[in-house]
Amino acid sequence: MAITPQEQPIATATFAGPSPGARQRPRRPRSSRGIMWLVAGVSVFLLWTVLYPNLFVVLDSFRGEAGGTLEHYRRFFDSRSEMEAVWNSVWLSLASVVCAGLIGVPLAFLFARGDFPGRRVLSGLVSLPVLLPPLVGVIAFLFLYGETGFFTRSVQLLLGLDEAPWRLNGAGAVLLVHAYTMYVYFYLFTTAALSRLDVSHTEAAAALGASRGTVLRRVTLPLLMPAIGGAALLVFMTSMGSFSAPYVFGGGFRVLSTQIFSSKLNGDIGIAAVETIVLAAVSILFLAMLQRYEARREYTGAGKGLGRLQYGERPSKRRRVAFSVLAWLIVIVLLLPHATVLLVSFVPAGTWTTELFPPVYSVDSYRKIFSEAQQLTPILNSLRMATIATVMNVVLAFAAAYILARKRAPGRGLINVLVILPWALPGTVLAMALASTFSVNQPYIGRFVLIGTGAILPLAYFIRNIPLVTRAALTSFRQLDPALEEAAASLGARWLTTARRITLPLVLPGIAAGALLAFVTALGEFVASILLYTHRTRPISIEILAQLRAFDFGAAAAYAVLLIILMAVAFVFGQRAVGEGRGGI
């Protein structure tokens with residue numbers, strides 16, 4: 001099988017050169033000093049926000065009452081419960097990869113390769129769980145499959161049982177939620193890979209007499225493996241840092257993310273720091289594997305845009321209808337959690353106790369949110385903090401991507417590592433690092449009291465989304481022909497003028513796409529928020545949990561619905577702003 005690198009875009013820019021009589025001046029690299037200042041500024045800022053806080057977590061892990069000590073590590077590795085948490089985190093993440101893959105990959109083949117009525121609409125609906133924040137997905141499962149959920153009560157009533165046929169608790173419940181919320185990674189990655197797949201490979205194999213199964217096993221799947229592998233590692237890392245599902249459904253099931261939270265609440269900062277380091281170490285190990293898969297993906301499966309693969313003749317009408325019915329059933333099952341949250345949002349507090357379905361419906365929860373300033377505060381907080389963090393992400397991403405894509409200045413390698421590092425640090429790790437660093441005021445070493453202020457959560461959201469926006473910006477820079485900037489420079493434009501009038505407008509669609517993802521991610525952020533919020537700065541996700549604890553399920557669901565709507569609106573307007581085919585997500 002021939003493996004070819006992707007073709008580079010051909011430069012098409014033309015520009016008017018200097019007139020023959022114009023005086024030619026010797027040119028030297030413009031703004032070299034400015035570039036060095038830019039590299040220095042970006043490096044120092046990334047060191048302060050990304051690496052510096054984590055150093056205090058390392059120090060905390062060695063800090064005892066009488067000075068330096070290894071006692072925290074000894075306690076951690078001697079503790080059976082801690083070893084159980086490490087093992088549970090790893091096997092649960094591996095199992096989440098398998099279960100999510102078993103759902104996402106077949107769905108991608110069904111909707112990318114299938115030929116049945118409604119395929120395009122259904123393929124879009126299957127992607128909707130990507131708009132479901134982790135905590136909202138968890139409470140949707142609670143309302144649907146929990147001990148008193150709609151589906152559970154229906155089965156109990158149908159079978160005439162005295163009690164619920166199951167309890168949504170423990171490792172099985174966490175795994176079920178992970179499989180549902182993370183299959184989208186496999187679906188999106190595999191669908192994208194199938195769209196890029198050169199059908200000539202499979203057609204050649206079929207022409208040589210290979211059966212469908214042989215073509216799938218020996219041609220198609222090997223070409224898809226980089227994409228599937230990338231999705232697998234992304235699911236693994238997300239599962240390792242998952243907090244919502246283990247926190248709500250875990251019961252006595254221990255994982256590292258919840259252990260860190262418990263240790264911090266108990267004031268055992270030393271053990272929390274060791275748990276944080278172990279969790280980060282495992283995540284960084286798998287991030288290295290992800291980088292390796294991505295590097296391999298650039299040289300495989302180069303497509304030529306030949307359209308969808310057709311195996312033999314078009315399926316019969318009866319078979320196409322059967323596929324359509326199957327696809328609709330799958331979509332209904334996948335969207336049931338969304339529908340459940342919407343239904344529960346109309347249930348007034350205290351009116352739904354033992355009935356199968358709520359007996360009373362009203363819009364009281366929504367009216368209360370929009371009529372009381374106290375209830376509206378979490379929504380405004382989330383919008384404000386997500387906006388601040390996203391603006392910071394855009395500014396940093398443009399500068400960092402410009403350096404990485406265009407310059408060979410010293411410090412470029414350091415920036416490349418620092419912009420990807422937050423991807424390997426789960427939310428609990430980041431929150432612990434920020435809490436350790438910014439709880440004291442030592443300005444001469446870059447430490448300020450930010451805990452308890454309105455600045456700490458935007459800073460956490462910003463750090464979490466650095467890889468997302470920077471990678472989107474870097475992709476745009478790599479697709480932009482440097483000849484355009486060289487043309488502007490040869491005409492005498494300064495670096496700042498070239499960046500403002502040439503580079504920024506051309507890479508803006510890609511940056512906007514990354515910023516859009518960062519904004520919706522920040523809107524639904526829960527893991528870092530629960531360790532850093534105050535009552536005054538509480539975001540929507542924290543208010544959802546507070547309403548659940550107060551047994552006001554209607555209000556919790558109403559906040560969840562509003563969060564989904566905000567994310568959907570951001571996606572729709574963002575897609576229009578970015579422009580279809582010019583950096584769309």
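These legends go with close-up views of a predicted model.

View 1. Follow the chain just past helix 6 and you reach G160, which takes a positive phi of about 65 degrees.

**View 2. A tilted ring pair, F62 and Y73.** A search through the whole structure turns up 21 aromatic pairs. In the one formed by F62 and Y73, the centres sit 5.0 Å apart with 35 degrees between the planes, and the pair is tilted. F62 belongs to helix 1 (residues 32-62) and Y73 to helix 2 (residues 71-78), so the pair links parts of the chain that are 11 residues apart. F62 is partly exposed, at 35% relative accessible area, whereas Y73 is buried, at 18%.

**View 3. An edge-to-face pair, W91 and F253.** The ring centres of W91 and F253 are 6.0 Å apart and the planes meet at 75 degrees, so this pair counts as edge-to-face. W91 comes from helix 3 (residues 80-113), while F253 lies in the loop between helix 10 (244-249) and helix 11 (256-265), 162 residues apart. W91 is partly exposed, with a relative accessible area of 27%; F253 is buried, with 14%.

**View 4. A cluster of rings.** Look here for F141, Y145, F151, W166, Y180 and Y183, which ring pairs join into a cluster.

Definitions and conventions: Residues are numbered from 1 along each chain as its sequence is written. This is a predicted model: local features need pLDDT of at least 70, side-chain atom pairs count only at pLDDT 80 or more; totals for chains, interfaces and linings use all residues. Side-chain values use heavy atoms; hydrogens and water are left out. Helices (H or I, at least four residues) and strands (E, at least two) are DSSP runs, numbered from the N terminus. Rings of Phe, Tyr and Trp (its six-membered ring) pair if their centres lie within 6.5 Å; planes under 30 degrees apart count as stacked, over 60 as edge-to-face and the rest as tilted. Buried means under 20% relative accessible area, exposed over 50%, partly exposed in between (1.4 Å probe, protein chains only).
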